[in-house]
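Let's take a walk through this model together.

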Amino acid sequence: MFINSDAKDKSLKNNILALAKEATEAKKLDDLVINATSGTLKNEDGSLYVFSVVEKAMNSLSPNEKYAYVNSAGTPEYRNAVIQKVFGKYLDDIKKECYLEAIATPGGTGALNLAFTNYVDRGDVVLFPNHMWENYLNCAQEMEFIPQTYQLFDEEDRFDIKDIIEQVKAIKTRQKRIMILINDPCENPTGFCMVDEDYDNIIKLAKDNPDVDFVFLVDIAYIDFCNTNTDIVRNRFAKLKDLPDNAVTLFVFSGSKSFSLYGYRIGALLIMTKDEKEAKAFAEASNFSCRVKWSSVSTAGMNVITKLILNEEYNREYEKEVKYVVSMLEERSLVFLEAAKEVGLKVLPYKRGFFICVPVNNPEEIRKKLIENKVHLISTKSCLRIALCSMNKSEAKRLPKIIKDRLSKL
Ligand code: PLP
């Protein structure tokens, strides 16, 4: 074999995109199939949800705005627009104390790649939540760092800062810089959302450990789906301006989720830091890595997002549509949770968002068995992940009993 020794071990396990394709094919043959696999927003009739304002903005792009090359970092307009989207009305306050930079990436996945490439050394331990989007683990293999997990929930189903504190105590004996990944709001796969106090505790963690350099990698792929008022979430991000000098925050933004632009592969990595030199180093190194890894991003994806954020009329229309999407997800979740309660199916603490999790001992085995019941979902190491975003209300109502019955047979 000519392939190198590291590449020989590269094989996607539990490939969500492939499983979603299989489920879509099964559903075409039998409408009773429940496709709860992928994190793609669907209408009640099973068609892909497309924001009409995104379509409108897309149709307004000139040939240059669609087809031309852009520089590796993305246009200044895009970078500013994304910063505006993430911090909204808190931006001026943040800028008084911190430097902000953004870089265009192919999706949130590209942003994660940049963060791991430039903020983690080979062999470093990186902390992930124990319930996670498991593509993070593939990144660890690809970029040769060690993934370690913290408990997401404490005994009262709150964010388990105590476990993070303990883990940091142990890790700092081996390395000086620690990256901690937080996926908030609407955590994938649980739908958990953190609260103000959790962000205060993160700041305290950094203050209490001045001998450690912290990189908080905040994956905000689901920023728009937590609450109909996104400012509540933005206010939490803004709190991180109070982090001490021994910490920086990187934010992972995904155009796939915010604007349903999955196929356009557009996102961004942002940095918030008190140190001007750090911000400059971020911009330089990210630009370099972008050029090497993918050269530049989708021009159309970048320009359509710029318009959607900066044009007030589009922005208003988007806010209205996203409210509708949040209420659609909420209705599905309520129906699911009620049906789960009726049959006594345990779920992990869900607040909002695309997914709900059922904790089980042998998720992959149960996932495969459920296909016999015409149910397609995703298994993680700890759970069955149910994509509320891609099923309708009547499926959400039927599903808990099917899962419960299957679990009782095992
Ligand atoms: N982060 C989380 C938590 C996700 O669920 C996903 C996609 O499912 C991503 C990042 C990356 O998404 P994309 O690369 O499509 O923007």
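**Cysteines, sheets and helices**

There are zero disulfides here, taking a disulfide as a pair of cysteine sulfur atoms within 2.5 Å. Before going on: this is a predicted model, where local features need pLDDT of at least 70 and side-chain atom pairs count only at pLDDT 80 or more, while totals for chains, interfaces and linings use all residues. Residues are numbered from 1 along each chain as its sequence is written, and side-chain values use heavy atoms, leaving out hydrogens and water.

C186 is buried at 2% relative accessibility and C357 is buried at 0%; buried means under 20% relative accessible area, exposed over 50%, partly exposed in between, using a 1.4 Å probe and protein chains only.

Now for the seven-stranded sheet. It is open and mixed, in the order β2-β8-β7-β6-β5-β3-β4. (Strands are DSSP runs of E, at least two residues, and helices are runs of H or I, at least four, numbered from the N terminus; two strands pair if DSSP finds at least two bridges between them.) At the edges stand β2 (99-105) and β4 (146-150), each with a single partner strand, so one side of each has no neighbour in the sheet. From one strand to the next, the twist averages 20°. Further in, β7 (247-254) and β8 (267-273) pair antiparallel over six bridges, with S254 opposite G267.

Which helices pack here? α10 touches β5, β6 and β7, its direction making about 160° with that of β6. α9 lies across β3, β4, β5 and β6, at about 145° to β4. Contact means heavy atoms within 4.5 Å; axes are lines fitted to C-alpha atoms, for helices over the stretch in contact, with angles from 0 to 180 degrees between N-to-C directions.

α9 (161-171) and α10 (196-208) also pack together at about 20°, their axes 11 Å apart. That makes them roughly parallel, a label for angles under 35 degrees. I161, I164, I165 and V168 of α9 meet N201, I202 and L205 of α10.

Finally, there's a three-stranded antiparallel open sheet, ordered β9-β12-β11. β9 (355-359) and β11 (378-379) are its edges, each with a single partner strand. Two bridges join β11 to β12 (383-387), and I378 has R385 as its bridge partner. Across β11 and β12 lies α16 (363-372), running at about 45° to β12.

Key. Angles under 35 degrees count as roughly parallel, over 145 as roughly antiparallel, 65 to 115 as roughly perpendicular and the rest as oblique.
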